[in-house]
Amino acid sequence: MQVSFFNKKRIISENHKPLIIGEISANHDNSLEKTFQLLKLAKKIGLESVKFQTFDLDEMTLNIKKKEFMLKNSFKSSSWNNRSLYNLYQEAQLPKKWHEPLFKFCNSLKLLCFSSVFDEISLKLLENLNCPIYKIASLESLHFPLIEKVLKTRKPVFISTGTLNIDEIEELVAFLRKKKNNNYLLMHCVTDYPANSWDLNLAHIKYLKSKYKCEVGFSDHTIGNTGAIASVAYGATVIEKHFKLKEKKNMLDNNFSLNPNEMIKFINDVNDSWMAKGKSPKKISVNEKKFIKYRRSIYAASNIQPKEIFTTNNIKVVRPGLGLPPKYYNDMLGKRANKFIKLGKPIGLKDFKYKK
């Protein structure tokens, strides 16, 4: 997969470092100034990309307080509970009038920015800003009327699969293929905030890559870095993590977001994991080669006279590895030396009569 921005091309594949996305989400904290600070820090600490969430409040839900539109004490984050959906999204919403200055600021920083899109009104806004990528959130991933409009932009699309079962993912991919669009990436995701490590099922990343022959990323809602590090080994090529300015307990996404210092470690850990993954078949590293000579090999454990029989007393398998490999040891026992071999000398094939 390939993403174009700032007149350059970013290839997304297992042969390239994972694209790490700092998810801003509700961490704008309803302050444009704080959001600018967050973007500056994103660039400073080496984040390659940031993502916003763009939605029209009245397209997201209805401003009513019927039972099904109310959130009870069912969420881990206390700031999500005991309020209406409308009220929650009102706090989380990134104001439309902020989008243009934020996109321009990211462009001035040469920081890749894009957005999750939730409705057609927001899509039009983002198209006017030349948004280079679109993200479809987990709870929108079966919203085919919206996805169809996004596909028509011909931009790369990242689609989260949180809450989707196998049949629903199959239905989603079938829809994408029917629209003759291969410019998509599936994002493995567990829609829980924060998510538990034991629920991640990261092996699903490898399954998705194999079944659908597409790039697969990981949207990480856990606390810490372990899930993201492990996801790289399963083939994740895009990794998303919520990013915040600082600790603020009443902020909606605080519990599962990383502050700048934590994000630095996150980036380093993910990139180290990618480098450690390497390629198959294995190649011996330059640093490892110097240890080869310290393998075991066969040495004279005493002075051995010509025609003397090799026994367990006069030859040993020891380090270093300048003599014959240990696989010859049993064949040597009972054979005779064809010359004098001094104590501590590595033994070679010319020192006895060897038959294959």
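Student: How many salt bridges does a search of the whole structure find?

Tutor: The search finds 18 salt bridges. This is a predicted model, where local features need pLDDT of at least 70, side-chain atom pairs count only at pLDDT 80 or more, and totals for chains, interfaces and linings use all residues. Residues are numbered from 1 along each chain as its sequence is written, and side-chain values use heavy atoms, with hydrogens and water left out.

Student: Why is the contact of Glu-14 with Lys-277 called a salt bridge?

Tutor: A salt bridge needs a side-chain nitrogen of Lys or Arg within 4 Å of a carboxyl oxygen of Asp or Glu. The closest N and O atoms of Glu-14 and Lys-277 are 1.9 Å apart, so the pair qualifies. Glu-14 lies in the loop between β2 (8–11) and β3 (19–23) and Lys-277 in helix α10 (residues 260–277), so the pair ties together parts 263 residues apart in sequence.

Student: What makes Glu-14 partly exposed?

Tutor: Partly exposed is the range between buried (under 20% relative accessible area) and exposed (over 50%), with a 1.4 Å probe and protein chains only. Glu-14 has 33% relative accessibility, so it counts as partly exposed. Lys-277, at 30%, is also partly exposed.

Student: Are Lys-209 and Glu-215 buried or exposed?

Tutor: Both are buried. They form a salt bridge, with the closest N and O atoms 3.3 Å apart.

Student: Which residues are linked with Glu-14 in a network of salt bridges?

Tutor: Lys-209, Glu-215 and Lys-277 are linked with Glu-14 in that network.

Methods
Helices (H or I, at least four residues) and strands (E, at least two) are DSSP runs, numbered from the N terminus.
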